[in-house]
Amino acid sequence: MLAAPVPLLAQAPAVEDLAALAKSQMQANSDRLKQFKIEISVEPAFAFKP
Amino acid sequence: MTDDVFFAPITDLNARLRRKEFTCQELTRAYLDRIERLGPRYNALALLLKEEAIDKAKDVDKELKRERYRGMLQGIPYGAKDLLSAKGQPTGWGARPYAGQVFDHDATVIKKLAGTGAVLTSKLAMVELAGGGGYRFPAASVSGPGLNPWSRSHWSGGSSSGSAAAVAAGLVPFALGSETSGSILTPAAFCGVTGLRPTYGLVSRYGAMALSWTLDKIGVLGRSAEDCGYVLQTIAGSDAKDPGSAGKSFYYAPQFARPLNEMTVAYAPVDFDAAADPSAKAAFQTALEVVRSLGVKLVEAKIPDFPYGAVIGPVISGESASIFEELIRSGKVDQLDDKKQIAGLKASLDLPATDYLKAMRVRSLIREAFGEFFAQYDAIVTVSRSGPASRVSQALDAPGGRPAPADRGFAGIIPAGNLAGLPALSMPCGFAGELPVGLQLVARAFNENLILAIGKAFQERTDWHTKRPKI
């Protein structure tokens, strides 16, 4: 279901702390989303259907 | 049975079955022998269903003898990604913690295909848990790394690795795969087969492993746009067992699509030039000219401007953390093969609800933006991936060797198209060295016939989809 990004060249640098890497990626996404201003009236893209 | 049979389109196999050139049993046995022999060569096979397939083929032969015809897929063998349940058979989701897991029901798509007389020969290998935690190596699978039939030192793509490799190597005429963000389009492009990602909600996910309830789609990997159309017609449709079902059906009818010369197709020149891997540029540019020669009006355009990666990340993390919470908290997650995936799933438990909801709110805007975009254009044409498959030993998060151009073109179309729930088609469009590359078409929701019509016309003018790897 999820395709990994595909590198163009070169080997990845060694990742010492994958947990820290995962958290930093989540934080980067969070920071990026915080910069994205939206109106208060915008609802999430799912709807409860009774 | 000659090798031609293993690379024949569904329409041809169906006609030959009806003409009694061979029986369904003979066809099924030939495919079973081939996948049993060659499937492990590409780490494509998760489970062979020999007895069940032969029993089903016998039933189909009885029907064909009575001239009881059920449609284009009657008697056609196929394989299913191992995240789709087949009653009473192991369904391991590509992941060590779920090895031997058995469900007491068929996935809706498996049931629908059985009803039309298709013969399930195999469960096909996949990236563990469809890669939801974010994996680092192609070896992130209980089956080992997916190996590309065009070059076994290269990756088949993921997460529908076995589905694409099996079609490319002629081990099945078609296969079911799934996509949350790129997992049909990527392996289709890398393996040189045609991949169709349907609109979100068009195909039931009942009986499929969930990774992200609001993103998961079941789709097709096949030999051509036409073959994908026939399969989609069978598997699409309303299903009360899938809360995401759109309640719509699909009839493959490219003949009723608007004439190509009335279509406006958006593209970004940079996708075919500076953003493309140098080895693939010539193939992409030739393919674009073929699209132009179909008579469509090609118009330069840009993808709506959103931080697609930052939106899709929290959606997948939030939903997969909930789905796999027990796996993660129990510690069984440590049995997974890919350490980055383990770390990603563990970290996802700490995702703030506000981040998930912000992403889903931005997603509402993305959906609106694509609604406006497709008021101007009928489709988008871009590359499926910017280059060919990477080496199987290479880390997937390695930094790119080329700086990305400032003009991003449609580079974000895979997460964007998935966030907006849009249908997409990947077709082989040439080679970068020995490896195939793919062209991608995207349309507004529920416009599968439009991209299939463009795809069919493209494949009538090219023969990339008929190329075979040396086995």
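1. Which handedness does the β-α-β unit made by E9(B), helix H9 of chain B and E10(B) have? In this predicted model, the unit formed by E9(B), helix H9 (residues 281-293) and E10(B) is right-handed. The two strands of the unit, E9 (residues 264-267) and E10 (residues 297-300) of chain B, pair in the parallel sense over 4 bridges, and within this pairing B:Tyr267 stands opposite B:Glu300 of E10(B).

2. Strand E9(B) also pairs with E11(B), again in the parallel sense, here over 2 bridges, and B:Ala266 has B:Ile380 in E11(B) as its bridge partner. Strand E11 of chain B, which spans residues 379-383, is mostly covered, since 5 of its 5 residues are buried.

3. The pairing of E11(B) with strand E13 (residues 435-443) of chain B is of the antiparallel sense and extends over 5 bridges. In that pairing B:Val383 stands opposite B:Leu439 of E13(B).

4. The loop between helix H8 (225-235) and E9 of chain B contains B:Ser245. Is B:Ser245 buried or exposed? Its relative accessible area is 14%, and because the limit for a buried residue is under 20%, B:Ser245 counts as buried. A polar atom of the side chain of B:Ser245 lies 3.1 Å from the backbone nitrogen of B:Asp239.

5. For the second largest pocket, the computed volume is about 850 Å³. The pocket is lined by 33 residues, of which A:Ala45, B:Tyr200, B:Trp213, B:Thr214 and B:Gly244 are the closest to its centre, so that residues of chain A and of chain B are both named in this group. Helix H13 (residues 353-376) of chain B gives the most to the lining, with 5 residues, and by residue class the lining divides into 19 nonpolar, 7 polar and 7 charged.

6. A further position that can be checked is B:Ile454, which lies in helix H15 (residues 448-461) of chain B. With a relative accessible area of 2%, B:Ile454 is buried, because this value is under 20%. The C-alpha atoms of B:Ile454 and B:Phe373 are separated by 19 Å, the two residues being 81 residues apart along the chain.

Technical notes
Residues are numbered from 1 along each chain as its sequence is written. Chains are lettered from A and ligands numbered from 1 in the order in which they are written. This is a predicted model: local features need pLDDT of at least 70, side-chain atom pairs count only at pLDDT 80 or more; totals for chains, interfaces and linings use all residues. Side-chain values use heavy atoms; hydrogens and water are left out. Two strands pair if DSSP finds at least two bridges between them. A crossover is right-handed if, with the strands pointing away from the viewer, the path from the first strand over the helix to the second runs clockwise. On a 1 Å grid over the protein atoms alone, a cavity is a set of points where a 1.4 Å probe fits but cannot get out, and a pocket is an open set with protein on both sides within 12 Å along at least five of seven lines; lining residues have an atom within 4 Å of a point. Grid points are joined across faces, edges and corners, and a volume is the space filled by probe spheres set on the points. Ala, Val, Leu, Ile, Met, Phe, Trp, Tyr, Cys and Pro count as nonpolar, Asp, Glu, Lys and Arg as charged, and the others, Gly among them, as polar. Buried means under 20% relative accessible area, exposed over 50%, partly exposed in between (1.4 Å probe, protein chains only). A polar contact is a pair of N or O atoms within 3.5 Å; within protein, one must be able to donate a hydrogen and the other to accept it, and residues adjacent in sequence count only if both atoms are side-chain atoms.
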